[in-house]
Amino acid sequence: MADEIAFPKGDLMRGKKGLVMGVANHNSIAYGIAGQLAAQGAEMAWTYMGEALERRVRPLAEGLGVKHLIACDVTDDASMDTAFAEIAAKLGGLDFVVHSIAFANKDELKGSFVENTTREGFLTAMNVSAFSFVDVAKRASALMNNGGALISMTYLGSERVIPNYNTMGVAKAALEAATRYIARDLGPKGIRVNAISAGAMRTLSLAGISGGRGMIAQGRAFSAMKEDTSMEGVAGCALWLLSDLGRSTTGEVVHVDAGFHMMGMSADEEEGA
Ligand code: NAD
């Protein structure tokens, strides 16, 4: 999907070195963001989860001129230690980080939140989807000697009840709160920390949510613009936040969802009044 997009070219990221975490395939949001950053001259290392994904991710990395591809499981301290040591050795420092990682057990992404949420599943979702950003921010900021910028990916299910999103909605709420606390701590170092709240998009993660396709259809139907969230829009927002264009913006959650988040009533009900 993102490999078919002609992202605007330029020099907004020229001279900047960064880390992109979370490319699994050509539909991944991280891949779209990386495509836009590459088109603006960024030098990148990517981390990916587990050897099984390497075969799929390596050609995508090579296609964008990414030289450093590093395995990293964010739930494993040893894996994080090794990955960040390699990032320090290969890149020498960091200017930006894209955290585009989340996980919850499929059984928890359907039906009743109260009935289906287990202690183990809740903690897994929190660990992978929220705590990992705190850990990444700590490790990455140690490599940012001239300021920097971090972004994470979130969804409206943190603010509103979205059927089946359940545990992930609670984890996203934690991620967004963590974004603000991290932004406060790292602000004095000139490091900005923001989150993009994207509308539903057709990726591997969405396929894990019961009724995921319905989330896209409803996102479009109830959005102000009556259209799907575009990869170009999400990647463009990432470029703004990670480049010097985003100067002075920190601790923010920016919605890129064609105006889905701010609608209070469906069009049908408005028209039928
Ligand atoms: P994706 O499946 O392509 O990406 C999710 C990534 O998380 C994968 O690369 C996966 O390998 C990685 N991951 C999972 N567990 C990990 C672990 N333990 N260690 C390291 N990596 C791990 O799907 P996506 O939709 O591109 O998701 C990226 C981000 O965007 C997620 O945070 C997701 O919640 C968020 N998001 C997605 C949508 C959507 O509709 N697709 C909307 C808003 C926000």
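The model is predicted: local features need pLDDT of at least 70, side-chain atom pairs count only at pLDDT 80 or more, and totals for chains, interfaces and linings use all residues. Residues are numbered from 1 along each chain as its sequence is written, and side-chain values use heavy atoms, with hydrogens and water left out.

A pocket is an open set of points with protein on both sides within 12 Å along at least five of seven lines. A cavity is a set of points where a 1.4 Å probe fits but cannot get out. Lining residues have an atom within 4 Å of a point. Grid points are joined across faces, edges and corners, and a volume is the space filled by probe spheres set on the points. The largest pocket holds about 1100 Å³ of space. Its lining counts 41 residues, and the closest to its centre are Ser100, Ile101, Ala102, Phe103 and Ser205. Several elements give two or more residues to this lining: helix H1 (29–39), strand E2 (43–48), helix H5 (119–141), strand E5 (148–154), helix H6 (166–186) and helix H7 (204–207). Here helices (H or I, at least four residues) and strands (E, at least two) are DSSP runs, numbered from the N terminus. H7 supplies the largest share of the pocket lining, 3 residues. The count of cavities of 30 Å³ or more comes to 1. About 50 Å³ of space lies in the largest cavity. Among the residues that line this cavity are Gly199, Ala200, Met215, Arg220, Glu227, Asp257 and Phe260.

Helix H1 also stands out for burial. Buried means under 20% relative accessible area, exposed means over 50%, and partly exposed lies in between (1.4 Å probe, protein chains only). In H1, 10 of the 11 residues are buried, so the helix is largely enclosed by the rest of the structure. The buried residues include Ile29, Tyr31, Ile33, Gln36 and Leu37. Their cover includes strand E1 (17–21), E2, helix H2 (51–63), strand E4 (96–99), E5 and helix H9 (231–242). Gly41 follows H1 and has a positive phi, near 90 degrees.

Charged side chains were examined next. A salt bridge is a side-chain nitrogen of Lys or Arg within 4 Å of a carboxyl oxygen of Asp or Glu. By this rule there are 9 salt bridges. One of them joins Glu54 and Arg58, with the closest N and O atoms 2.5 Å apart. Both residues lie in helix H2, 4 residues apart, about one turn of the helix. An α-helix has 3.6 residues a turn, so residues three or four places apart point the same way. Arg58 counts as partly exposed, at 34% relative accessibility. A further salt bridge joins Arg139 and Asp81 (2.8 Å, N to O). This pair links distant parts of the chain: Arg139 is in helix H5, Asp81 is in helix H3 (residues 77–91), and they are 58 residues apart. Asp81 is partly exposed, at 44% relative accessibility. Salt bridges that share partners join Asp81, Asp135 and Arg139 into one network. Asp185 also forms a salt bridge with Arg184, with the closest N and O atoms 2.8 Å apart. Arg184 is exposed, at 58% relative accessibility.

Arg192 gives a contrasting case. This residue is found in strand E6 (residues 191–198). Arg192 is buried yet has no salt bridge. The nearest side chain of opposite charge, Asp244, is 5.6 Å away. A polar atom of the Arg192 side chain lies 3.3 Å from the backbone oxygen of Thr249. Contact means heavy atoms within 4.5 Å. Leaving aside neighbours within four places in sequence, Arg192 is in contact with residues including Gly148, Leu150, Leu242, Arg247 and Thr249.

Two further residues complete the account. Val254 lies in strand E7 (residues 253–256) and is buried, at 17% relative accessibility. Not counting residues up to four places away in sequence, Val254 touches Ala195, Ile196, Ser197, Cys237, Trp240 and Leu241. The C-alpha atoms of Val254 and Met153 are separated by 9.8 Å, though the two are 101 residues apart along the chain. Phe131 has its place in helix H5 and is partly exposed, with a relative accessible area of 43%. The C-alpha atoms of Phe131 and Val74, 57 residues apart along the chain, are separated by 9.1 Å.

Notes:
Lys and Arg count as positive and Asp and Glu as negative; His and the chain ends are not counted. A polar contact is a pair of N or O atoms within 3.5 Å; within protein, one must be able to donate a hydrogen and the other to accept it, and residues adjacent in sequence count only if both atoms are side-chain atoms.
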